[in-house]
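Biologist: I am new to this structure and would like a close look at a single part of it, taken slowly. Please keep to one region and what surrounds it.

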Amino acid sequence: MIKKAVIPAAGYGTRFLPATKSQPKEMIPIVDTPVIQYVVEEAVESGITDILMIIGRGKRAIEEHFDRSAELEETLTEKNNLEMLGKIRKISRIANIHFIWQKEMRGLGDAIKLSRFHVNNEPFAILLGDTLMDGCGVPVTKQLIDVYEKYHSPVIALEEVKPERVSRYGVIDGKPVTQTVYRANNWIEKPSAEKAPSNLAVASRYVFTPEIFTYLDRIGTGINDEIQLTDAMKEMVKDHPMYGLKFKGKRYDIGDKLGFLKTNLIYAMKDPEVSDSVKEWMKEFVKEMEN
């Protein structure tokens with residue numbers, strides 16, 4: 001059973017400047033909850049109890065968010081706001097969360113290498129800290145874990161994308177073994193639409209066996225002089241079975257402004273506290289725009 005997860009959250013978030021000059025991009029709220037909290041909740045709902053976050057300079061707010069705030073709890077108690085008090089306490093108790101610093105931004109592969117001793121020769125999940133996943137009732141990480149438990153091999157989340165967009169992603173070169181599971185032959189980073197072996201893109205969630213560290217050690221730096229996780233995957237698949245899962249659900253990438261705005265609206269319409277008001281406002285707004 002997989003009980004450990006790694007959440008890389010050390011990037012600069014330059015696409016959200018100036019908001020991320022002093023605030024981690026992972027702490028940007030979707031409605032009223034930071035992105036990183038949604039990611040942690042997905043891990044916990046998947047049965048994971050031990051989480052390592054990879055953070056960097058300027059990310060102290062993430063640590064503070066998951067720490068206890070005695071002063072805030074006291075204030076909420078005095079105001080008899082017991083509902084919010086319960087929510088705040090739940091954040092600090094949600095899981096065993098540890099932090100390690102990536103002192104140089106040397107890529108996702110380098111961040112994963114820092115988790116070697118925490119993983120301690122166990123299989124583990126990776127959840128990218130700036131992407132939300134709605135598993136339609138079953139967390140996407142749990143879907144990957146279920147496939148891992150069947151094949152006992154690394155499993156990577158796959159999302160079907162439009163052919164003209166494959167050049168933005170890493171994609172799988174593989175063959176289906178079920179309607180949703182694919183056996184990987186190779187992983188191709190940002191192929192052209194003409195040369196892409198598929199339109200199934202790597203989608204921000206992974207389950208790895210500890211052998212991945214051998215390949216992260218073996219590869220050199222790649223694009224942007226960084227250690228690329230995909231490069232290690234390309235080497236690993238030569239020696240070990242690897243699978244991709246076309247997961248059930250939806251990925252929300254908040255890596256750009258439009259994706260962030262869309263995700264906020266979608267999550268607001270799911271929120272029972274504000275959904276009716278948001279939907280009514282949207283109807284009125286569209287009418288105003290048409291006039």
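Biologist: What volume does the second largest pocket have?

Modeller: This is a predicted model, and in it the second largest pocket has a volume of about 920 Å³. Its lining is made up of 34 residues, and those closest to the centre of the pocket are Asp32, Thr33, Gln37, Tyr38 and Glu41. By class, the lining of this pocket divides into 18 nonpolar, five polar and eleven charged residues.

The axis of H4 and that of helix H3 (residues 70–78) come within 9 Å and cross at roughly 160°. Because an angle over 145 degrees counts as roughly antiparallel, H3 is described as roughly antiparallel to H4, and the crossing in which H3 passes H4 is left-handed. On the H3 side of this contact are Leu72, Glu73, Leu76 and Thr77, which meet Met84, Leu85, Ile88 and Arg89 of H4. Sorted by class, the contact of H3 with H4 holds five nonpolar, one polar and two charged residues.

Turning to H10, this helix packs with helix H11 (residues 275–290) at an angle of about 125°, and their axes are 6 Å apart. H10 and H11 are therefore oblique to each other. Here Leu265, Ala268 and Met269 from H10 meet Ser275, Val278, Lys279 and Met282 from H11, and the contact of H10 with H11 comprises, by class, five nonpolar, one polar and one charged residues.

Note on methods. Residues are numbered from 1 along each chain as its sequence is written. This is a predicted model: local features need pLDDT of at least 70, side-chain atom pairs count only at pLDDT 80 or more; totals for chains, interfaces and linings use all residues. Side-chain values use heavy atoms; hydrogens and water are left out. On a 1 Å grid over the protein atoms alone, a cavity is a set of points where a 1.4 Å probe fits but cannot get out, and a pocket is an open set with protein on both sides within 12 Å along at least five of seven lines; lining residues have an atom within 4 Å of a point. Grid points are joined across faces, edges and corners, and a volume is the space filled by probe spheres set on the points. Ala, Val, Leu, Ile, Met, Phe, Trp, Tyr, Cys and Pro count as nonpolar, Asp, Glu, Lys and Arg as charged, and the others, Gly among them, as polar. Axes are lines fitted to C-alpha atoms, for helices over the stretch in contact, and angles run from 0 to 180 degrees between N-to-C directions. Helices (H or I, at least four residues) and strands (E, at least two) are DSSP runs, numbered from the N terminus. Angles under 35 degrees count as roughly parallel, over 145 as roughly antiparallel, 65 to 115 as roughly perpendicular and the rest as oblique. A crossing is left-handed if the near helix is turned anticlockwise from the far one by less than a right angle, and right-handed if clockwise. Contact means heavy atoms within 4.5 Å.
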